[in-house]
Amino acid sequence: MSKHVRAVYPGTFDPVTNGHLEIIRRARRVVSHLTVAVFENQEKQPLFPLETRIELLQDCIPANEGIAVESFSGELLVDYCREHGIGVIVRGLRAITDFEYEFQMDHINQQLAPDIETIFLMTTHQYSYLSSSVIKEVAKFGGDIGTMVPPAVAKALAHQLV
Ligand code: ADP
């Protein structure tokens, strides 16, 4: 892939997990700039407010790495891409259950914006079972999430769930 590709990795990130961070790291190997776009997503009734989800991501991403964390709400992702000169959408794929939703979204985006490509990165084996919702569930009942999320997230979850 060309090194002059700007991409966006959209998601709710409620909260960011090691699975997300792995996708961010790998996506950055093939694009020159990656915007992690944090979707407000009131429909999902997030545990963490948008500002906290952004702060936690910024905490976990090394500075000056060609990665920016931005908020995103109230418009189509393809419109956001056009406004920001972004030509590629990155999504992570875990189990087959992700596939159907991602397949549908990709087809809609292809129709809305044939000039924007979506690329899918398969999760690495060790993170295939990880999701923000599973982590919140485990944390709620006092399970050890130390290998699933960065320390700042584990701390924020402990604080939020007491
Ligand atoms: P959304 O609300 O868009 O599903 P998420 O924050 O749950 O937002 O996920 C954002 C993206 O990261 C999605 O493409 C999702 O499939 C991917 N993702 C989430 N967890 C993992 C993981 N453990 N491994 C790989 N990709 C993941």
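1. Strand E1 (6-11), helix H1 (18-30), strand E4 (88-93) and helix H4 (96-112) each give two or more residues to the shell around the ligand. Helices (H or I, at least four residues) and strands (E, at least two) are DSSP runs, numbered from the N terminus.

2. The ligand is surrounded by 18 residues, each with a heavy atom within 4 Å of it. The closest are Tyr 9, Thr 12, Phe 13, Lys 44 and Gly 92.

3. Polar contacts are pairs of N or O atoms within 3.5 Å. A side-chain N or O atom of Thr 12 is 2.6 Å from a ligand oxygen atom, and a polar side-chain atom of Arg 91 lies 3.1 Å from an oxygen atom of the ligand. At Tyr 127, a backbone N or O atom lies 2.9 Å from a ligand nitrogen atom.

4. Lys 136 and Asp 14 form a salt bridge (2.8 Å, N to O), the term denoting a side-chain nitrogen of Lys or Arg within 4 Å of a carboxyl oxygen of Asp or Glu. The pair joins helix H5 (residues 132-140) to the loop between E1 and H1, 122 residues apart.

5. Residues are numbered from 1 along each chain as its sequence is written. In this predicted model, local features need pLDDT of at least 70, side-chain atom pairs count only at pLDDT 80 or more, and totals for chains, interfaces and linings use all residues, while side-chain values use heavy atoms, leaving out hydrogens and water.

Notes
Polar contact = N/O pair within 3.5 Å; in protein donor to acceptor, adjacent residues only side chain to side chain.
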